[in-house]
Amino acid sequence: MHHFDEIFGVAAGRHGGEAALEAKLSRPKPAAELAAIPEDRWLSVFTRSIFQAGFNWKVIEAKWDGFEAAFDGFDVGRCAMMDDDRFDALLRDTRIVRNGAKIETVRENAAFLLSLRDRGGAGKVFGGWPATDFVGLLELLKSEGSRLGGTSGQYALRFSGCDSFILSRDVTARLLAERVIDKPATSKSALAAVQGAFNTWMDQSGRSLTEISRVLALSL
């Protein structure tokens, strides 16, 4: 596995130099800012990531105001209490993409967010999670949330500003090239290996998961 500086150098060479590469990198939000994000915004970003999965993102983006209206601004209490009549009405609502299984995740993830109140609330849980155990946070989303496994959860956390890596095609290709994994990481052991590699690169560079993930993607 190469030192992070070497990977950064490759990425910089492909994107016009170090300054140009730095301009392409984003940084995570501080924990206090994440803790202040209200529950409805977490439910919104979860839902958006779920509906974008396997679908044209531009279509979801164009309809998003309709999603916000149809789901009452993603009010967590209202969404968690969605009854069958409301669900059936959403299946006929042309403001949204009418996918029953994905609509159901709104109700289920609202309940998930409500359950986090006993742990201090979603913002505190997600924002305070250590970057060195990001795979643990992904496991929480997968096991307690609905359809938040895989890259759906990863994108949702990134869009919210959490320190995160995304196992995109390009990041996965770099991890394969570095022999961190020998196939796309889906098993717990493979994800543990990915976390270990990111932890090493964080130690070497002093950078966040978010920055490192982006550099890996841009190194190809």
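Visitor: Which hand does the crossing of α7 and α8 have?

Guide: In this predicted model, α7 and α8 cross in a right-handed manner. The contact is made by D84, F87, L90 and L91 on the α7 side, and by G100, I103, E104 and R107 on the α8 side. These residues divide into four nonpolar, one polar and three charged.

Visitor: How many aromatic pairs does a search of the whole structure find?

Guide: The search finds 16 aromatic pairs. One of them joins F46 and F126, with 5.9 Å from centre to centre and 65 degrees between the planes.

Visitor: What makes the pair of F46 and F126 edge-to-face?

Guide: Planes over 60 degrees apart count as edge-to-face, and the planes of F46 and F126 stand at 65 degrees. The pair links distant parts of the chain, with F46 in helix α4 and F126 in helix α9, 80 residues apart. Both F46 and F126 are buried.

Visitor: Why is the pair of F71 and F74 called stacked?

Guide: Planes under 30 degrees apart count as stacked. The ring planes of F71 and F74 lie at 20 degrees, with centres 5.4 Å apart, so this pair is stacked. F71 and F74 are both buried.

Visitor: Which residues do ring pairs link into a cluster?

Guide: The cluster consists of F51, W64, F67, F71 and F74, linked by ring pairs.

Key
Residues numbered from 1 in each chain as written. Predicted model: local features only at pLDDT ≥ 70, side-chain atom pairs only at ≥ 80, totals over all residues. Heavy atoms only, no water. Left-handed = near helix turned anticlockwise from the far one by under 90°. Helix = DSSP H or I, 4+ residues; strand = E, 2+ residues; numbered from the N terminus. Contact = heavy atoms within 4.5 Å. Nonpolar A, V, L, I, M, F, W, Y, C, P; charged D, E, K, R; others polar. Phe/Tyr/Trp six-rings, centres within 6.5 Å; stacked < 30°, edge-to-face > 60°. Buried < 20%, exposed > 50% of the residue type's maximum accessible area, 1.4 Å probe, protein only.
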